[in-house]
Amino acid sequence: MPEPARKIRVSCVVNGAAASFEAYPMARLLDVLREELKLTGTKEGCGEGECGACSIELDGQLVNSCLVPALQAEGTRIRTIEGLAIGDNLHALQQAFITHGGAQCGICTPGMILAAVNLLAQHPQPDGAQIREGLSGNLCRCTGYMKIFESVVAAVRQTESRA
Amino acid sequence: MRAFLPAYEMETPRDLAAALDCLASAPGVWQAFAGGTDLMVLLEAGKLPQKKFLNIWNLEELRGIFVSAEYVTLGALTTYAEVQRHEILAREFPLLCRAAAETGSVATQNRGTLGGNIANASPAADSPPALIVYDAEIEMVSMSGARFLPYASFHTGYKQMNLQAGELIRAIRLPRVRAGRKQYFRKVGTRRAQAISKICFAGVARVEAARIADVRIALGSVSPAVLRAVRAEELLRGQRLGSVDLRGAQDALGAEIAPIDDMRSTARYRRSVARNLLAEFVETLVG
């Protein structure tokens, strides 16, 4: 019996605050976020990188947290759905998803919103094709997607009118 | 069944030399781990036999896209997202950019690497056909130095490759070609985004005086490893565009592919699509 791996300590920045946790090196970042850091907003869908439910931002890039081992979170900046609202003020995308029916059962929503946040960071005024492509890795079994696309368009419009 | 996590070790070497030293110290024991988009799926499914991993994600020596007069060299850790964003690749090697754009989702493309895709050695991977038609060369490093190999001879069978224990893929380099060439790429999957290929076809040809002066064709998902269709190429080379023996080329292609029935498609479907894609490629040469 080979000697088992030991848990390691990992330090990173989560939603703007320093965070530190202990985990086995190949524990999924998804599980660490939910179980060690108690950030249960990030959901598990397929667990194999196909559905996007567990999408987060890692150093500003959209990733599936089910495919990132804990060890690779060392020294990174992480943003989850919990990091979007400022106090009681929802992020424009969160509010748009509520207003326009972009969320139904809600399991895909945190990942969908993170994918949209990441899309808007790169394309502040995406066209329809860019929205579809940006969200193509996030599966939803409720909405039929149209209300999700409408929510993103509404959020873009609202952000513009505020600027 | 999920994996038993305490059984899995992962270390982060401080640089490439340390990584190679570790690989050499215990041949076959340590496996390189880059973006994790394949290995973590196996881990979750309880199907990851290897137990010790080297986290090479942060090795600067394996990163970057470098352009010289003769080559564009892509570090093994170049992600699919980086491939798509690169202007010279987009201009001169569009098939590779197309393959990168059609592999997985945005999240996968941010994490999945060219070297990882190659070392994972899936016959259904989409970048290998594009790399082969561009006459890519692969560079491997170990404690005893570096060596280059034509990428077309790297994959030797199902999940078999010309990579020794102790070696890491350092880079892929693509020879730059000044002459104009016609390029064609098509991936056929169940849906356009996020699906793994049923079949993937890449073709490049140089047309001179209305003749096919030279041609490269490669396919994914039709044989145990990515396939360069040398017989179809041979048949097409030198042919006059107005009177290409398409049927002959299709038969030659049919004789060199060996598709199977699996969860994604059938051998029969793959055979007929392979013939059709060849016809579409030849059509694009005329325009």
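User: Which side chains meet in a salt bridge of 3.4 Å, N to O?
Analyst: This is a predicted model, in which local features need pLDDT of at least 70, side-chain atom pairs count only at pLDDT 80 or more, and totals for chains, interfaces and linings use all residues; side-chain values use heavy atoms, with hydrogens and water left out. Residues are numbered from 1 along each chain as its sequence is written, while chains are lettered from A and ligands numbered from 1 in the order in which they are written. A salt bridge is a side-chain nitrogen of Lys or Arg within 4 Å of a carboxyl oxygen of Asp or Glu. The count between chain B and chain A is one salt bridge, and the side chains that form it are those of A:R28 and B:E44.

User: Which element gives the most to the side of chain B that touches chain A?
Analyst: Between chain B and chain A, five residue pairs are in polar contact, both at pLDDT 80 or more (a pair of N or O atoms within 3.5 Å; within protein, one must be able to donate a hydrogen and the other to accept it, and residues adjacent in sequence count only if both atoms are side-chain atoms). In chain B, β1 (9-11), α2 (39-44), β3 (52-55) and α6 (106-111) each supply at least two residues of the side that touches chain A; helices (H or I, at least four residues) and strands (E, at least two) are DSSP runs, numbered from the N terminus. With five residues, the element that gives the most is α6(B).

User: How many residues of the side of chain B that touches chain A are charged?
Analyst: Ala, Val, Leu, Ile, Met, Phe, Trp, Tyr, Cys and Pro count as nonpolar, Asp, Glu, Lys and Arg as charged, and the others, Gly among them, as polar. By this division, the side of chain B that touches chain A has 15 nonpolar and nine polar residues, and the number of charged residues is seven.

User: What is the area buried between chain B and chain A?
Analyst: The contact (heavy atoms within 4.5 Å) takes 31 residues from chain A and 31 residues from chain B. Buried area is the accessible area (1.4 Å probe) that two parts lose on being put together, summed over both. Carbon and sulfur atoms give 58% of this area, which is about 2600 Å².

User: How many disulfides does a search of the whole structure find?
Analyst: A disulfide is a pair of cysteine sulfur atoms within 2.5 Å. The sulfur of A:C108 is 3.9 Å from the closest cysteine sulfur, in A:C140, which is too far for a bond. Over all chains, the number of disulfides found is zero. A:C66 is likewise in no disulfide, as its nearest cysteine sulfur, 3.8 Å away, is that of A:C54.

User: Is B:A146 buried or partly exposed?
Analyst: B:A146 is found in strand β7 (residues 145-150) of chain B, where it touches B:E139, B:M140, B:V141 and B:R170, not counting residues up to four places away in sequence. Buried means under 20% relative accessible area, exposed over 50%, and partly exposed in between (1.4 Å probe, protein chains only). The relative accessibility of B:A146 is 48%, so this residue counts as partly exposed.

User: Which side chain does a polar contact of 3.4 Å join to that of B:R216?
Analyst: B:R216 lies in strand β13 of chain B and is buried, with a relative accessible area of 16%. Among the residues that B:R216 touches are B:V133, B:D135, B:R228 and B:E233. The polar contact of 3.4 Å joins the side chain of B:R216 to that of B:D214.

User: What is the length of the polar contact that joins the side chains of B:N117 and B:S127?
Analyst: B:N117 has its place in helix α7 (residues 114-120) of chain B and counts as buried at 13% relative accessibility. Residues touching B:N117 include B:Y80, B:A125 and B:P128. The polar contact between the side chains of B:N117 and B:S127 is 2.7 Å.

User: Which strands of chain A do the buried residues of α1(A) pack against?
Analyst: Helix α1 of chain A covers residues 29-36, and its buried residues are A:L29, A:L30, A:D31, A:V32 and A:L33. A:K38, whose phi is positive, near 60°, follows this helix. The buried residues of α1(A) pack against β2 (17-23), β3 (55-58) and β5 (77-79).
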